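Subject: Structure for you to look at

Hello,

I am handing over the structure we talked about, with notes on what was found in it. Please open it first and then read on.

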Amino acid sequence: MLNQRKKVPGGFLGRAFAVFGAAVNASNAVENHRRPAKRDLAILGIDPKAFDQL
């Protein structure tokens, strides 16, 4: 989790917007029967390899 925080600039608000955006993108991908982007899953704390098992 610490490494992911370094990738998102802007402190708390930047991180909050990044998490919200990643959640929206992942949700849209799942609703449209597509696989979410690895970056979005990583921001949300979901292992991209584990997501395939769902």
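Buried residues account for 26% of the 54 residues in the protein. This is a predicted model, so please read everything below as computed from that prediction. The protein has 4 helices and 0 strands, and from the N terminus on its elements run α-α-α-α.

Helix α2

Which residues of α2 are buried? They are Gly14, Arg15, Ala18, Ala22, Ala26 and Ala29. Seen down the axis of α2, these buried residues fall within an arc of 95 degrees, so they line one face of the helix.

The face of α2 turned away from the buried side carries the exposed residues Phe12, Leu13, Phe17, Phe20 and Glu31. Among them, Phe12, Leu13 and Phe17 form a nonpolar patch on the surface. Together the three residues of this patch have about 430 Å² of accessible area. Leucine 13 has a relative accessible area of 56%; the cut-off for exposed is over 50%, so leucine 13 counts as exposed.

Arginine 15 is also found in α2, but on the buried list. Its relative accessibility is 14%. Since buried means under 20%, arginine 15 is classed as buried because of that value. Arginine 15 and isoleucine 43 are 28 residues apart in sequence, and their C-alpha atoms are 9.0 Å apart in space.

Alanine 22, another of the buried residues of α2, has its C-alpha atom 8.1 Å from that of arginine 39. These two residues are 17 residues apart along the chain. Arginine 39 is found in helix α3 and counts as exposed, at 56% relative accessibility.

The loop between α2 and α3

Asparagine 32 is placed in the loop between α2 and α3, the latter being residues 38-43. The side chain of asparagine 32 reaches the backbone oxygen of asparagine 28 at 2.9 Å. At 49% relative accessibility, asparagine 32 counts as partly exposed.

Histidine 33 is found in the loop between α2 and α3 as well. Is histidine 33 buried or exposed? It is exposed, with a relative accessible area of 76%. Phi of histidine 33 is near 60 degrees, which is a positive value in a residue other than glycine.

The salt bridge

How many salt bridges does the count come to? The count comes to 1 salt bridge. Aspartate 52 forms a salt bridge with arginine 35, and the closest N and O atoms are 2.8 Å apart. Aspartate 52 lies in the segment after α4 (48-51) and arginine 35 in the loop between α2 and α3, so the pair ties together parts that are 17 residues apart in sequence. Arginine 35 is partly exposed, with a relative accessible area of 35%.

- the contact from the side chain of asparagine 32 to the backbone oxygen of asparagine 28;
- the salt bridge of aspartate 52 with arginine 35.

Regards

Notes
Residues are numbered from 1 along each chain as its sequence is written. This is a predicted model: local features need pLDDT of at least 70, side-chain atom pairs count only at pLDDT 80 or more; totals for chains, interfaces and linings use all residues. Side-chain values use heavy atoms; hydrogens and water are left out. Patches are made of residues with over 30% relative accessible area and no salt bridge: like charges are joined within 9 Å, nonpolar side chains (Val, Leu, Ile, Met, Phe, Trp, Tyr) within 5 Å. Accessible areas come from the Shrake-Rupley method with a 1.4 Å probe; for residues, only the protein chains shown count as cover. A salt bridge is a side-chain nitrogen of Lys or Arg within 4 Å of a carboxyl oxygen of Asp or Glu. Buried means under 20% relative accessible area, exposed over 50%, partly exposed in between (1.4 Å probe, protein chains only). Helices (H or I, at least four residues) and strands (E, at least two) are DSSP runs, numbered from the N terminus. The arc is that of the directions from the helix axis to the C-beta atoms. A polar contact is a pair of N or O atoms within 3.5 Å; within protein, one must be able to donate a hydrogen and the other to accept it, and residues adjacent in sequence count only if both atoms are side-chain atoms.
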